[in-house]
Amino acid sequence: MTGPQGTPLLSIEGLSLWYGAVQALWHIDLRIDEGECVAVIGANGAGKSSLVNAIAGVGRPRSGRIRLAGLDIESLQPSRVSALGIAIVPERRRLFPSLSIEENILVGAQVGRPGPWTLKKIYDLFPELVPIRSLGGHLVSGGQQQMAAIARALMANPRLLLCDEISLGLAPIIVARFYSMFPALRASGISILVVEQETRRALGACDRFYCLLDGKVSLSGRPLEVTEDAVNQSYFGIG
Ligand SMILES: Nc1ncnc2c1ncn2[C@@H]1O[C@H](COP(=O)(O)OP(=O)(O)OP(=O)(O)O)[C@@H](O)[C@H]1O
Ligand SMILES: [Mg+2]
């Protein structure tokens, strides 16, 4: 589904990005329609985090267009991007170590949009955060840290939720729980961009996917329309 005039929720055209002299993304085109779950898959160093960080406005030299519902956002600061409705669950969580779990979660409300998410709703979603809410982020388990990072993003009331490897280092049962939340989030009006190295889970959850290889889109489509061989070839750059 697209917006009122057929405008995608997110559209990226010709995005390139550099770290100093090293080019990490090459002319990326990508679209997310309202209500979609889109996956970005790719091996170590393929450019997945560079792409989601660029969408979130995290500063690196870049060229190309990034539009949210038709509005150019590529030159905006992360706080402005967040206020417009894009929230990121960053790779490795990046909780603030000097803040408690609850204070970390509340950061999302400070930078985001007004909307339905409250601390009560967060604790209904993740009841195991209640007894540890006063603890520092570094004192809790990886799964609890990931819950707090997701909670922080939800408290910003995003239109688009960017999830960068939320499964990293976590038990499969916890990962399955995060992915099982997606249908309800989408039903509430949140579109999702999920980044994973683990292809199967991402393809099982998404409507469409993009595979990155060495900073370029090597394959895109709908999971059911591509063969496992085609995915493997575009993921590893073989064949
Ligand atoms: N801060 C940085 N300075 C220099 N080069 C970087 C920096 N961050 C990433 N790179 C390089 O940019 C490329 C893309 O990295 P990126 O982190 O976006 O990949 P990724 O797909 O997220 O990898 P991973 O699966 O390991 O998270 C890699 O070659 C990486 O070495
Ligand atoms: Mg990454």
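Author: Let us begin with pairing: two strands are said to pair if DSSP finds at least two bridges between them. Please keep in mind throughout that this is a predicted model.

Reader: How do you know that strand β1 and β2 pair, and in what sense do they do so?

Author: Strand β1 (residues 10-19) and β2 are joined over seven bridges, in the antiparallel sense; because at least two bridges are asked for, the two strands count as paired. Isoleucine 12, for example, has leucine 30 in β2 as its bridge partner. The hairpin of β1 and β2 has two residues between the strands, and in this hairpin glycine 20 takes a positive phi near 60 degrees.

Reader: Why is helix α3 called roughly parallel to α5?

Author: The axes of α3 (residues 101-111) and α5 (residues 142-154) come within 6 Å and cross at roughly 30 degrees. That makes α3 roughly parallel to α5, because angles under 35 degrees count as such. The crossing in which α3 passes α5 is right-handed.

Reader: What makes up the contact of α3 with α5?

Author: By class, the residues of this contact are seven nonpolar, two polar and one charged. On the α3 side they are Ile101, Asn104, Ile105, Val107 and Gly108, which meet Ala148, Ala151, Arg152, Ala153 and Leu154 in α5.

Reader: Which residues come nearest to ligand 1, and which element gives the largest share of the shell?

Author: Of the 13 residues around ligand 1, those that come nearest are Tyr19, Ala24, Lys48, Ser49 and Ser50. The elements that give two or more residues to this shell are β2 (22-32) and α1 (48-55), and the largest share, three residues, comes from α1.

How values were computed:
Residues are numbered from 1 along each chain as its sequence is written. Chains are lettered from A and ligands numbered from 1 in the order in which they are written. This is a predicted model: local features need pLDDT of at least 70, side-chain atom pairs count only at pLDDT 80 or more; totals for chains, interfaces and linings use all residues. A residue is near a molecule or strand if its C-beta atom, placed from the backbone, lies within 6 Å of it. Helices (H or I, at least four residues) and strands (E, at least two) are DSSP runs, numbered from the N terminus. Axes are lines fitted to C-alpha atoms, for helices over the stretch in contact, and angles run from 0 to 180 degrees between N-to-C directions. Angles under 35 degrees count as roughly parallel, over 145 as roughly antiparallel, 65 to 115 as roughly perpendicular and the rest as oblique. A crossing is left-handed if the near helix is turned anticlockwise from the far one by less than a right angle, and right-handed if clockwise. Two residues are in contact if their C-beta atoms, placed from the backbone, lie within 7 Å. Ala, Val, Leu, Ile, Met, Phe, Trp, Tyr, Cys and Pro count as nonpolar, Asp, Glu, Lys and Arg as charged, and the others, Gly among them, as polar.
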